[in-house]
Amino acid sequence: MRYKCIIWDFDGTLFDTYPPMVAAFKKALADYQVEAEDEHILEYMKISHGKAIDYYRDRHHLSEEFNKAFLHYQELIRGEDVKPFPYAKEICASIIEAGGANYIVTHRDEKSLLEYLSYHHMLKLFKENVTSESGFKRKPDPEAYEYLLNKYCISPEDVLIVG
């Protein structure tokens with residue numbers, strides 16, 4: 001195995017979280033009588049949730065309460081609502097079997113990350129998860145990656161970042 005450590009992004013890389021996230025966003029928009037196509041919401045969400053919120057809030061003159069509505073619907077998403085991509089679990093397990101380690105660096109909060117990984121029996125496949133609560137600058141800033149490399153004495157040549 002060439003790489004000893006894989007650092008994964010979560011949303012859209014290991015798990016297909018976008019369908020329930022888009023549905024939550026649409027519910028929040030519907031609370032304000034705003035309709036939008038899934039593909040259009042997804043386009044902005046793939047940049048960031050903040051970009052999607054800002055775009056629709058500015059375009060439709062929505063109040064700050066819109067953010068709270070979206071967060072409310074987002075918090076209702078459960079482990080059974082999100083699915084790992086095909087073979088994600090098997091790939092992560094094979095990395096461990098080959099003597100490697102998996103890590104996650106995500107903007108997602110720890111509670112939801114742990115819920116999704118636990119529900120799909122994937123929690124033990126990751127040595128550490130760096131989440132929004134970890135206090136690092138947002139990606140693409142390298143701070144979270146540098147933290148993992150330093151903490152686990154990992155040489156950059158031994159790491160593959162996926163996401």
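**Ground rules.** I'm working with a predicted model, so local features need pLDDT of at least 70 and side-chain atom pairs count only at pLDDT 80 or more, while totals for chains, interfaces and linings use all residues. Residue numbers start from 1 along each chain as its sequence is written, and side-chain values use heavy atoms, with hydrogens and water left out.

**H1 against H4.** I started with helix H1 (residues 18-31) and helix H4 (residues 65-75); helices here are DSSP runs of H or I with at least four residues, strands are E runs of at least two, and both are numbered from the N terminus. H1 and H4 pack at about 140°, axes 8 Å apart. The axes are lines fitted to C-alpha atoms, for helices over the stretch in contact, and angles run from 0 to 180 degrees between N-to-C directions. That makes the pair oblique; under 35 degrees would be roughly parallel, over 145 roughly antiparallel, 65 to 115 roughly perpendicular, and oblique is the rest. I went through the contact (heavy atoms within 4.5 Å): H1 brings Met-21, Ala-24, Phe-25, Lys-27, Ala-28, Leu-29 and Asp-31, and H4 brings Phe-66, Ala-69, Phe-70, Tyr-73 and Gln-74. I get nine nonpolar, one polar and two charged residues there. In this scheme Ala, Val, Leu, Ile, Met, Phe, Trp, Tyr, Cys and Pro are nonpolar, Asp, Glu, Lys and Arg are charged, and the others, Gly among them, are polar.

**H1 against H2.** Next I looked at helix H2 (residues 38-45), which packs on H1 at about 110° with axes 10 Å apart. H1 and H2 are therefore roughly perpendicular. Tyr-18, Met-21, Val-22, Phe-25, Lys-26 and Leu-29 of H1 meet Asp-38, Ile-41, Leu-42 and Met-45 of H2. The tally is eight nonpolar, no polar and two charged.

**Cysteines.** How many disulfides does the whole structure have? My search turned up zero, taking a disulfide as two cysteine sulfur atoms within 2.5 Å. For Cys-92, the closest cysteine sulfur is in Cys-5, 13 Å off and so too far for a bond. Cys-92 is buried at 0% relative accessibility; the cut-offs are under 20% relative accessible area for buried, over 50% for exposed and partly exposed in between (1.4 Å probe, protein chains only). Cys-153 is in no disulfide either, with the Cys-5 sulfur nearest at 11 Å. Cys-153 is exposed, at 71% relative accessible area.

I found Leu-149 in helix H7 (residues 143-151), buried at 17% relative accessibility. Not counting residues up to four places away in sequence, Leu-149 touches Ile-154, Pro-156 and Val-159. Leu-123 is in the loop between helix H6 (110-119) and strand E5 (128-130) and is partly exposed at 34%.

**Backbone.** Which peptide bond did I flag as cis? The one from Lys-139 to Pro-140, with omega near 15°; Pro-140 is in the loop between E5 and H7. I also noted positive phi at two non-glycine residues: Tyr-87, near 70°, and His-121, near 55°. Tyr-87 is in the loop between strand E3 (83-84) and helix H5 (88-97) and is exposed at 61%. His-121 lies in the H6 to E5 loop, exposed at 63%.
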